[in-house]
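Here's a quick tour for anyone meeting this structure for the first time.

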Amino acid sequence: MSRYIKSVTAAVLATSVIAAPGYAQQRTGWFTVVDGLAVYQGNSDLSGGGEFSANRAFLRAGGLYRFENGTSAGLFVSYGQFSYDFSSGGNQPWSDIRDIRISAPMRFQLGGNADLFVSPQVRWDYEQGVSASDGRTYGVFAGVSWQVNQSLRIGPAFGAFSELGNSETEVFPALLVDWDIADQWNLSTGTGLGATQGPGVSLRYKHNDQFSFSLAARSERVRFRLDNAGLAPGGVGEDSSIPIVLSVDYTPNPGVSLNAFVGAELNGQLSLESAAGTEISNQSYSTAPIAGLAMRVRF
């Protein structure tokens, strides 16, 4: 259960520019999107001894074309890096991890109230010093949503993805929700930028046209191919957690948004698998503070 749940937003992220009811649906023709994210995760104690901290940075850019009939098609490329710092009291399972994605999201209107989303994508997650092809996975995410009324859009979705260290294709269900539950209040299944994303829920309060505040929680997981010199040569590493964050969003104009957030990562786990798929270690880590900044530019 946890494996497919933690894989969902890797797919949903690729459709976020198209699926969101805001900017993309208000104009036709080409527009460009650039996203950036920087996150600091503070020191956390490992159950096996020692501690670690981590920094994460991501950049995504792409273009989208929206036709007059509502159909949209785009191409997006992202690059990210996790930098881990383990203390001398603990083992050094890995160091710097790279994440690269290419996605081609598409959106089609099915009548007046329904939309179909399809997003094929390829992703590479690997430790520095490893060939990118050794960390390649691929798959597709698709869903249908209906505008039930002026306040609610909802619908089913599914994903089918390959996974490092597992020869089977992982198929999972998902739910798309965008619900204006009251004036200035919105509840949605959230998306965002970053390689360790998973599905989540966000409650947002829109103070005015420029400022909004939100509380969000989601399940995160990233799996990556390891180099040939560590504790699990050629194996797979995994970092999973449940972050809960409070954020403030500043939107000075419709094309620019800035976000600052603080929170904590709960239920953290680091695991190692050998190249043959055997689990070598599985350590929990204590609640870790996190803080970060994000930005989006659309033009």
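Strands here are DSSP runs of at least two residues, numbered from the N terminus. Keep in mind that this is a predicted model.

**On the inside**
- The largest nonpolar core has 22 residues, and F52, Y84, F86, W94 and L270 have the most contacts inside it.
- At least two residues of this core come from each of β1 (29–45), β2 (51–66), β3, β13 (220–225) and β15.
- Setting aside neighbours within four places in sequence, Y84 touches F52, S53, A54, W94, S95, D96, I97 and D239.
- There's also a second, separate core of 7 residues, with F141, F161, F172 and A174 among them.

**A closer look at S78**
- You'll find S78 in strand β3, which covers residues 72–86.
- S78 counts as buried because its relative accessible area is 9%, and the cut-off for buried is under 20%.
- Beyond its neighbours within four places in sequence, S78 is in contact with L59, R60, D99, I100 and R101.

**On the surface**
- A nonpolar patch sits on the surface, made of W179, I181, W185, L203, L215, I242, I244, L246, V262 and L266, and together they have about 820 Å² of accessible area.
- Strands β9 (166–182), β14 (236–253) and β15 (256–273) each supply at least two residues of the patch, and β14 gives the most, with 3 residues.
- L203, one of the patch residues, lies in strand β11 (residues 200–206).
- L203 has 31% relative accessibility, so it counts as partly exposed.

Terms used: Residues are numbered from 1 along each chain as its sequence is written. This is a predicted model: local features need pLDDT of at least 70, side-chain atom pairs count only at pLDDT 80 or more; totals for chains, interfaces and linings use all residues. Side-chain values use heavy atoms; hydrogens and water are left out. Helices (H or I, at least four residues) and strands (E, at least two) are DSSP runs, numbered from the N terminus. Buried means under 20% relative accessible area, exposed over 50%, partly exposed in between (1.4 Å probe, protein chains only). Contact means heavy atoms within 4.5 Å. Patches are made of residues with over 30% relative accessible area and no salt bridge: like charges are joined within 9 Å, nonpolar side chains (Val, Leu, Ile, Met, Phe, Trp, Tyr) within 5 Å. Accessible areas come from the Shrake-Rupley method with a 1.4 Å probe; for residues, only the protein chains shown count as cover. A salt bridge is a side-chain nitrogen of Lys or Arg within 4 Å of a carboxyl oxygen of Asp or Glu. A nonpolar core is a set of buried Ala, Val, Leu, Ile, Met, Phe, Trp, Tyr and Cys residues joined through side-chain atoms within 4.5 Å.
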